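Please read the numbered points beside the sequence and the model.

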Amino acid sequence: PSTYWIGFNMADDVLGRNKPLRRAISYAIDRQKLIELFFNNRHLVAHGVIPPVIPSYNPEIKEKGYARYEPEMAKELLKEAEKIHGGKLPVLKIAMPGTDTWYRQYGQFLKRSLNTVGLEVEVQYMDRPTYQQMVNTGSAAMFSSGTTASIPDAKDFLSMFYSKYRPPGQNKFNYCNPEFDELYEQAEVMPDCDRRCLLYQRMELIVLEDCPAIFLNHRVAYVLHHGWYKNYKPHAFAYGLSKYRRIDIAERAAYKN
């Protein structure tokens, strides 16, 4: 139950008021290629912020096309973005929460993707405390991040866009949308029900339309276990909590021999 993204600081003078620019960046990144290169084709493309394993996930979200890879569309949007900006766009800086080889290769992938459509990019590699300080103070214009749910509910993901949780709170994007806030406040006090799921899905669409972040991938975990381990089932929120395990002793003994 995780989602990873490139976030935009909506208080930034360049990115915050330029939706065509943010949308162009989204269209410039080939999410499937990212998953192929960095995750051995095991992760899932993120078409929205809510992961597929969460009950309120909208299976029709893919058809909305927010995760499309369309570099030519990105180039067209950049023309509009330059008009809004009033001239040539400046170098965009992406804060990266690591300095090791993986992060550097990931940063190179993002930089190359954006260079291809005509954007100049500088990737800033830093240790995590420095990164957190930048994001929490609104000093990062763009930042690479992600999260894993602590409960099986979409609130864990959607709360990141509630305006009252701005930095140093969960809303690192400095995102504010009154309609989203109103729906969030309704859903927050509702019991688990179909109506709340529908509210969550409406909130997700509002976020996707405003584009305070581009969602890239959902992690997929694989677990191996022996055939003699009979009642084992991987569970994202209850790992290792089962009280009893059923073991086929004869089958285990045969395996050892």
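**Note on the predicted model**

1. Ser 56 counts as buried because its relative accessibility is 3%, where buried means under 20% relative accessible area, exposed over 50%, and partly exposed in between (1.4 Å probe, protein chains only). Ser 56 is found in the loop between β2 and α3 (71-85). Leaving aside residues up to four places away in sequence, Ser 56 touches Ile 50, Ala 154, Cys 197, Tyr 200 and Gln 201; contact here means heavy atoms within 4.5 Å.

2. Residues are numbered from 1 along each chain as its sequence is written, and side-chain values use heavy atoms, with hydrogens and water left out.

3. The protein chain contains nine helices and six strands; helices (H or I, at least four residues) and strands (E, at least two) are DSSP runs, numbered from the N terminus. Its C-alpha trace spans about 75 × 45 × 35 Å along the principal axes. Of the 257 residues in the protein chain, 45% are buried. Among contacts between residues at least 6 apart in sequence, 72% join residues at least 24 apart.

4. The six strands form an open sheet with mixed pairing, in the order β2-β6-β1-β5-β3-β4. The edges are held by β2 (44-45) and β4 (121-125), each with a single partner strand, so one side of each has no neighbour in the sheet. Two strands are taken to pair if DSSP finds at least two bridges between them. Strand β3 (residues 92-96) and strand β5 (residues 142-148) pair in the parallel sense over two bridges. Ala 95 stands opposite Phe 143 in β5.

5. Which strands does helix α1 (residues 19-28) lie across? They are β1 (2-8), β3, β5 and β6 (213-218), and α1 runs at about 20 degrees to β6. Axes are lines fitted to C-alpha atoms, for helices over the stretch in contact, and angles run from 0 to 180 degrees between N-to-C directions. Nine of the ten residues of α1 are buried, among them Arg 22, Arg 23 and Tyr 27.

6. Helix α4 (residues 101-116) lies across β1, β3, β4, β5 and β6. Relative to β4, α4 runs at about 165 degrees.

Note on methods: This is a predicted model: local features need pLDDT of at least 70, side-chain atom pairs count only at pLDDT 80 or more; totals for chains, interfaces and linings use all residues.
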